[in-house]
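This report walks through selected helices, strands, ring contacts and backbone features of one protein model. Please keep the sequence and the coordinates open while reading.

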Amino acid sequence: MAAGAKSFLADAGYGEQELDANSALMELDKGLRSGKLGEQCEAVVRFPRLFQKYPFPILINSAFLKLADVFRVGNNFLRLCVLKVTQQSEKHLEKILNVDEFVKRVFSVIHSNDPVARAITLRMLGSMASIIPERKNAHHSIRQSLDSHDNVEVEAAIFAAANFSAQSKDFAGGICNKISEMIQGLATPVDLKLKLIPILQHMHHDASLASSSRQLLQQLVTSYPSTKMVIVTLHTFTLLAASSLVDIPKQIQLLLQYLKNDPRKAVKRLAIQDLKLLANKTPHTWSRENIQALCECALQTPYDSLKLGMLSVLSTLSGTIAIKQYFSIAPATTARSFDLVKLAQECCYHNNRGIAAHGVRVLTNISASCQEKDLLALEQDAVFGLESLLVLCSQDSSPGAQATLKIALTCMVKLAKCRPHLSQSVVESLLTQLHSAQDAARILMCHCLAAIAMQLPVLGDGMLGDLMDLYKVIGRSATDKQQELMVSLATVIFVASQKALSSEVKNVIKQQLENVSNGWTAYRIARQASRMGNHDMARELYQSLLTQVASEHFYFWLNSLKEFSHAEQCLTGLQEEDYSSALSCIAESLKSYHKGIASLTAASTPLNPLSFQCGFVKLRIDLLQAFSQLICTCNSLKTSPPPAIATTIAMTSGNDLQRCGRISTQMKLSMEEFRNLATRYGDLYQSSFDADSATLRNVELQQQSCLLISHAVEALILDPESASFQEYTSSGAAHVESEYERRMMSVCNHVLEEVESLNRKYAPVSYLHTACLCNAVIALLKVPLSFQRYFFQKLQSTSIKLALSPSPRNPAEPIAVQNNQQLALKVEGVVQHGSKPGLFRKIQSVCLNVSSTLQSKSGQDYKIPIDNMTNEMEQRVEPHNDYFSTQFLLNLAILGTHNITVESSVKDLNGIVWKTGPKTTIFVKSLEDPYSQQVRLQQQQGQPPSQQQQQQQQRTAYSRF
């Protein structure tokens with residue numbers, strides 16, 4: 001179970017004993033000052049790790065200045081080490097504060113007599129081009145070094161020229177003619193020309209520069225027809241067109257021309273590679289004629305490797321807008337307009353797996369995107385091609401066959417989604433092949449079956465028999481593939497079972513787990529059971545694992561999961577109309593939930609606080625308590641009916657609801673409670689920036705169930721006249737992605753229909769109203785809760801680290817500032833990522849909110865303008881290389897201690913704001929300025945100060961300005 005750590009512990013990288021930034025830097029500085037070369041090199045190469053741990057400018061500036069000193073006085077090997085560190089830490093370069101000093105120390109080596117030292121310096125300058133793009137001395141040195149007689153120095157100058165051309169428009173414009181002369185000059189060796197040509201890809205800063213570079217490349221392609229020159233020139237041509245955008249259609253035509261007419265396979269391969277790049281980047285620029293020309297080339301070529309390349313370009317285009325353009329203009333009568341279809345059909349049964357896979361993908365994409373056309377024959381071809389590919393690849397466990405199988409299975413899922421009438425035959429072929437396939441292929445096929453069953457649950461029952469037969473015979477060995485297969489098969493069984501597992505299915509799974517599985521496999525299957533709502537199965541598996549873990553944190557984690565599963569299992573016995581047993585089921589469930597949350601709190605550690613899990617479970621507990629309270633409130637109509645004088649009280653107070661007695665007040669409280677819970681679910685959603693979409697949808701459904709009940713209470717009892725049902729109509733039913741969501745949406749729609757049918761028909765509050773509310777609660781609780789991936793596993797990890805200046809030496813000490821001055825607060829921050837940055841969403845900007853509150857007042861009370869009382873400011877900054885910085889000016893005119901809070905949130909690429917935190921607080925003590933203090937003291941003593949004294953004091957107070 002040791003591997004279980006990764007399931008819910010965040011990405012590592014923490015936990016080891018850490019030095020503070022200054023101590024770490026001093027430790028490395030000691031190494032730099034050592035007399036031994038080995039120790040100096042070791043100290044240099046440890047700097048990138050230091051930058052990763054402490055990515056703030058004050059440390060990075062000091063560290064780079066130390067490295068620049070080493071570069072200036074060290075030998076060439078040390079310089080090379082510093083160069084490598086600089087290249088590795090490129091994103092930290094912009095945090096260097098003393099850029100001039102840093103460049104001066106590095107640049108001094110350019111005047112060395114040693115060409116290798118000059119070459120390393122040029123590479124160093126090239127690596128720093130992003131922070132010194134317009135340094136004329138660097139530009140001049142690069143130009144000079146291009147004329148050097150030393151090959152090492154010239155190559156370094158070419159590297160630097162390429163980097164500066166990418167960053168500086170002036171340098172690119174100035175160096176373009178020089179590069180052109182060198183490339184066309186007879187004295188320049190061919191291998192040097194091949195290195196110079198790629199610099200031209202950066203000449204895209206303006207249209208005239210791009211045009212002149214394009215003309216030069218055109219001349220080169222014609223003048224130097226050798227294979228190497230054509231390949232380098234064409235590729236540079238493509239990269240230049242991709243950056244300047246306007247020449248892409250011309251470039252596509254040029255590449256197709258070379259693909260068609262040039263007999264050399266190397267040139268054809270390069271043309272295909274570049275066409276693939278342009279197909280990914282700008283598919284909308286491909287005309288019908290371009291696709292037609294590529295199809296003709298593919299039909300004519302006798303070489304499988306070239307046909308594979310061309311088909312990969314066509315399969316990329318077939319999944320984009322280009323395919324619709326191809327078919328929209330095609331005349332329906334001529335067969336040539338469908339050369340793409342003819343090619344795909346021809347390739348579907350090709351003996352090369354890769355070609356067959358791309359042929360099938362093209363047919364699938366055409367069937368999916370051109371749905372308005374009658375493509376019945378095409379659909380059948382796609383299905384037959386997929387089935388033949390499935391038979392071919394499922395018997396082969398080689399990596400190539402597995403990659404092809406993945407393409408085929410992805411196409412199957414897409415076809416089943418877009419053309420549901422084909423799904424039955426697709427599922428049957430998968431189930432037939434599942435028995436004879438290799439284990440590696442079986443795992444992938446199980447994933448495919450699960451995806452299809454999630455989209456089309458009606459197919460689930462038909463799968464179950466075959467899946468159970470297979471589950472009984474697998475697991476004869478404890479290999480990794482067999483363990484993986486057990487998890488995948490169990491997942492499909494859970495999806496296919498939909499509502500509840502039969503005892504026979506549970507026994508088969510448990511029997512197989514006892515025979516050969518390890519603890520990790522059992523945990524993964526239990527996790528999938530929790531996700532699919534099979535809580536009785538999950539509880540038994542968690543229970544069996546409790547004694548198999550080595551850490552008490554893991555024990556408490558598993559124990560909490562067991563209690564949560566038991567709590568949800570208690571709710572499966574709910575029956576409509578039986579409200580007393582519903583109350584006892586909820587009470588039993590709450591008992592287990594409270595045990596579970598205590599265990600979950602014990603499982604958390606400072607490095608892994610399990611904040612989402614705790615927040616989610618606490619909200620579930622509060623929701624169950626609110627449901628229980630609502631049922632009790634509904635029952636109170638029987639136990640505590642309205643008093644006889646209720647009607648009189650209602651008429652006297654003018655509140656018609658008073659005639660219902662105490663239930664009206666209770667219902668109002670209940671409605672507010674559900675609205676409060678909905679708000680808290682919204683907060684949990686906003687704080688879960690790293691969660692996958694299924695987890696977020698789950699939280700959203702919980703929030704919607706709270707809003708639904710609060711709306712039902714309002715519509716039935718509190719305010720039937722103004723209740724509107726328009727905004728609550730279901731809109732997302734077509735995009736349902738899981739069985740849990742499907743059932744929740746169904747329950748919500750049913751409850752809304754019931755509420756709407758009762759609304760305004762009967763005067764509130766009748767037994768019909770309370771029965772409707774209780775049935776709504778029971779219907780919502782009968783849908784088994786799904787614990788989604790983010791509850792167990794964090795695939796994306798994003799955190800923000802803030803640094804404020806000025807900052808106190810001791811966190812408890814306040815920063816002193818005079819009340820006639822404003823505090824300039826600088827906020828710096830870095831965005832830290834885990835192993836998969838931007839997997840679900842990426843940060844576009846960081847929102848910083850600064851607020852100050854007066855903690856304690858000192859001195860006399862005197863009137864201050866209301867504007868000076870509080871500070872509430874917000875700024876948005878876009879991180880660059882995961883670093884951002886901004887400043888706030890705070891007015892602290894009132895004497896006393898102020899509490900200044902800086903809170904950060906992030907905005908993603910879709911414009912959604914997420915409350916990720918962190919929140920940082922500092923204390924500032926606002927002190928009375930000396931002149932005001934003296935004036936006040938003199939006034940208290942009754943001695944008005946002389947005018948001369950006043951002028952003298954004013955000069956002293958403001959002399960600094």
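In which loop is Leu610 found? Leu610 is found in the loop between helix H32 (579–603) and helix H33 (611–639), where helices (H or I, at least four residues) and strands (E, at least two) are DSSP runs numbered from the N terminus.

## Basis of the report

This is a predicted model, in which local features need pLDDT of at least 70 and side-chain atom pairs count only at pLDDT 80 or more, while totals for chains, interfaces and linings use all residues. Residues are numbered from 1 along each chain as its sequence is written, and side-chain values use heavy atoms, with hydrogens and water left out.

Most residues other than glycine have a negative phi, and most peptide bonds are trans. Leu610 has a positive phi, near 50 degrees, although it is a residue other than glycine, and Leu610 is buried, with a relative accessible area of 2% (buried means under 20% relative accessible area, exposed over 50%, and partly exposed in between, with a 1.4 Å probe and protein chains only). Asp882, which is not a glycine either, has a positive phi of about 65 degrees; Asp882 is found in the loop between strand E5 (871–877) and E6, and at 22% relative accessibility it counts as partly exposed.

Two peptide bonds are described here as cis: the one from Ser805 to Pro806 has omega near 5 degrees, and the one from Gly917 to Pro918 has omega near 0 degrees. Pro806 has its place in the loop between E1 and E2, whereas Pro918 is found in the loop between strand E8 (913–914) and E9.

## Two helices and their surroundings

The expected span of a helix is 1.5 Å times one less than its number of residues. H18 is mostly covered, since twelve of its 15 residues are buried, among them Leu306, Met310, Leu314 and Leu317. What covers these buried residues includes helix H15 (248–261), helix H16 (265–281), helix H17 (288–300), helix H19 (321–328), helix H20 (339–347) and helix H21 (353–369), with contact meaning heavy atoms within 4.5 Å.

Helix H36 (residues 693–718) has 26 residues and should span 38 Å; its end C-alpha atoms are 36 Å apart, which agrees. Of the 26 residues of H36, 19 are buried, so this helix is largely enclosed by the rest of the structure.

## Strand pairing

Strands of a sheet pair through backbone hydrogen bonds, either parallel or antiparallel; here two strands pair if DSSP finds at least two bridges between them. An open sheet of three strands has the order E1-E3-E6, with antiparallel pairing. Strand E1 (798–805) and strand E6 (883–891) stand at its edges, each with a single partner strand, so one side of each is left without a neighbour in the sheet. Eight bridges join E1 to E3, with Thr798 having His833 as its bridge partner in E3, and nine bridges join strand E3 (residues 822–833) to E6, where Gln822 stands opposite Asn891. The covered face of E1 holds Thr798, Ile800, Leu802 and Leu804, and the uncovered one holds Ser799, Lys801, Ala803 and Ser805.

Strand E9 (residues 919–927) pairs in the parallel sense with strand E2 (residues 815–818) over four bridges, and Lys925 in E9 is the bridge partner of Ala816. Strand E7 (residues 896–908) runs antiparallel to E9, to which eight bridges join it, and Ile900 stands opposite Ile922 in E9.

## Aromatic rings and charges

A search of the whole structure finds 21 aromatic pairs, where rings of Phe, Tyr and Trp (its six-membered ring) pair if their centres lie within 6.5 Å, and planes under 30 degrees apart count as stacked, over 60 as edge-to-face and the rest as tilted. The rings of Phe51 and Phe64 have centres 5.0 Å apart and planes at 25 degrees, so this pair is stacked. Phe51 lies in helix H4 (residues 47–53) and Phe64 in helix H5 (residues 57–73), 13 residues apart, and both are buried. Elsewhere, ring pairs link Trp557, Phe564, Tyr593, Phe612, Phe616, Phe787, Tyr790, Phe791 and Phe792 into a cluster.

A charge sits over a ring if NZ of Lys or CZ of Arg is within 6 Å of the ring centre and within 35 degrees of the ring normal. The charged end of Arg123 sits over the ring of Phe159, 5.1 Å from its centre, and that of Lys265 sits over the ring of Tyr303, 4.3 Å from its centre.
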